[in-house]
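Student: I have the sequence and the model open side by side, and I would like to go through a few local features with you. Could we start once it is on screen?

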Amino acid sequence: MGQLALDPLNRRIINRYQGGVPLTETPFDDMAKQFDITPGQFIERIDQMLARGWLTRFGPLYNAERFGGGLTLAALSVPEERYQSVASLVNMLPTVAHNYRREHLLNMWFVIAAETREKVMESIAEIERNTELNVCNFPKLQEFYLGLWFETGENGELKTRSIQNQSPAISSEHQLTETDRRLVISTQEGLPLERYPYAAVARRNLISEKEVIERMQRMLTSGVIRRVGLVPNHYKLGFRGNGMTVWDIPDSKLDKLGPKVAGLDFVSHCYERPRYEGVWPYNLFAMVHGRNRDEVRDKSEQIAQLLGEECRAHEVLFSTEVLKKTGLRLAA
């Protein structure tokens, strides 16, 4: 087939399968039928889009918190002359799932995802030891929304819409068995690009294909797996404006206003996080995406209008560099 650009069919594939793919023995056959191509042609297109950076992954998206793991957002204020060396020290930790440079005094923001909550705190302590800098820890106090669908049109138009979280809200945690844990490790970087990917995972783990699918279905139902699908690189798709908008609103109003902000179709993440007196006055975080900064500012203004007089202050922290982006990585 040769080198592929993001042609109309590739756009349709990305638009169609971000929201999830059913757990079947032949997911590539099922998806290929929708576009009247062979499974081999479909797999080759996915492989090419991964190689060219249009996709970052195809497979399950894991939620560490659902199996008793830990997850937090943290930030550093890094002197510019030390920025690259500090980024290397932070990124070398396997528990650092994402890391971004942002325009702010707190100019390095990273997500720590670990198998236990204790390992999150150990990672923060290790970063402080290695960098000799203070980490500002912003754990999630309340989740209002997580999920966004990036759509591209054949004429280059871009739009976003909410993606339904397939995992139900369940109060109890799913306890991973050792076999479950091996399945997470086998698939956390993505599914094998083979016609029978779950059979390939089964061979690696010396269990049956049926057991792999059944165990992953239980993890999907319990919320350990948010969904199985394509993960696009929104920068490559044209969403170059990415701003973490942060808001200072009365704590007593969060339960009412948080869901309203989360309901906007351009917000991909919306959380309550802690303030730091004298350093950080904001308690509501909402991630906004657009084609450029002006579009993000316009969307931020829509949030400001929605919050009205309850908004006492806000900022937009634009991301200027992706320093690391891997997602959850459990140690083998």
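Student: How many of the residues of strand β11 are buried?

Tutor: In strand β11 (residues 267-272), 5 of the 6 residues are buried, so the strand is largely enclosed by the rest of the structure. Buried here means under 20% relative accessible area, exposed means over 50%, and partly exposed lies in between, with a 1.4 Å probe and protein chains only. Strands (E, at least two residues) and helices (H or I, at least four residues) are DSSP runs numbered from the N terminus.

Student: And what should I keep in mind about the model itself?

Tutor: This is a predicted model, in which local features need pLDDT of at least 70 and side-chain atom pairs count only at pLDDT 80 or more, while totals for chains, interfaces and linings use all residues. Residues are numbered from 1 along each chain as its sequence is written, and side-chain values use heavy atoms, with hydrogens and water left out.

Student: OK, back to β11. Which strands are joined to β11?

Tutor: Strand β6 (residues 142-146) is joined to β11 by 4 bridges, and the two run antiparallel; on that side Leu146 stands opposite His269. Strand β12 is joined to β11 by 5 bridges, again antiparallel, with Val267 standing opposite Val288 of β12. For strands to count as paired, DSSP must find at least two bridges between them.

Student: What about Phe138 and Phe285, how are their rings arranged?

Tutor: Phe138 and Phe285 form a tilted pair, with 5.8 Å centre to centre and 55 degrees between the planes. Phe138 lies in strand β5 and Phe285 in strand β12 (residues 284-290), so the pair ties together parts that are 147 residues apart in sequence. Both residues are buried, and both belong to one aromatic cluster that also contains Trp109, Tyr276, Trp280 and Tyr282.

Student: Which charged ends sit over rings?

Tutor: The charged end of Arg102 sits over the ring of Tyr100, 5.2 Å from the ring centre, and the charged end of Lys236 sits over the ring of Trp54, 4.7 Å from its centre. The criterion is NZ of Lys or CZ of Arg within 6 Å of the ring centre and within 35 degrees of the ring normal.

Student: Now the backbone. Where does Asp36 lie, and what is its phi?

Tutor: Asp36 lies in the loop between α2 (27-33) and α3 (39-52), and its phi is positive, about 55 degrees, although it is not a glycine. Asp36 is exposed, with a relative accessible area of 73%.

Student: And Glu132, buried or exposed?

Tutor: Glu132 is exposed, with a relative accessible area of 71%. Glu132 is in the loop between α5 (117-131) and β5 (136-138), and its phi is positive at about 60 degrees, although it is not a glycine.

Student: Last one: which residue caps the N-terminal end of α11?

Tutor: Asn292 caps α11, with a side-chain oxygen 3.2 Å from the backbone nitrogen of Asp294. Just after α11, Gly308 takes a positive phi of about 60 degrees. Among the buried residues of α11 are Glu295, Lys299 and Ile303.

Notes: Polar contact = N/O pair within 3.5 Å; in protein donor to acceptor, adjacent residues only side chain to side chain. Phe/Tyr/Trp six-rings, centres within 6.5 Å; stacked < 30°, edge-to-face > 60°.
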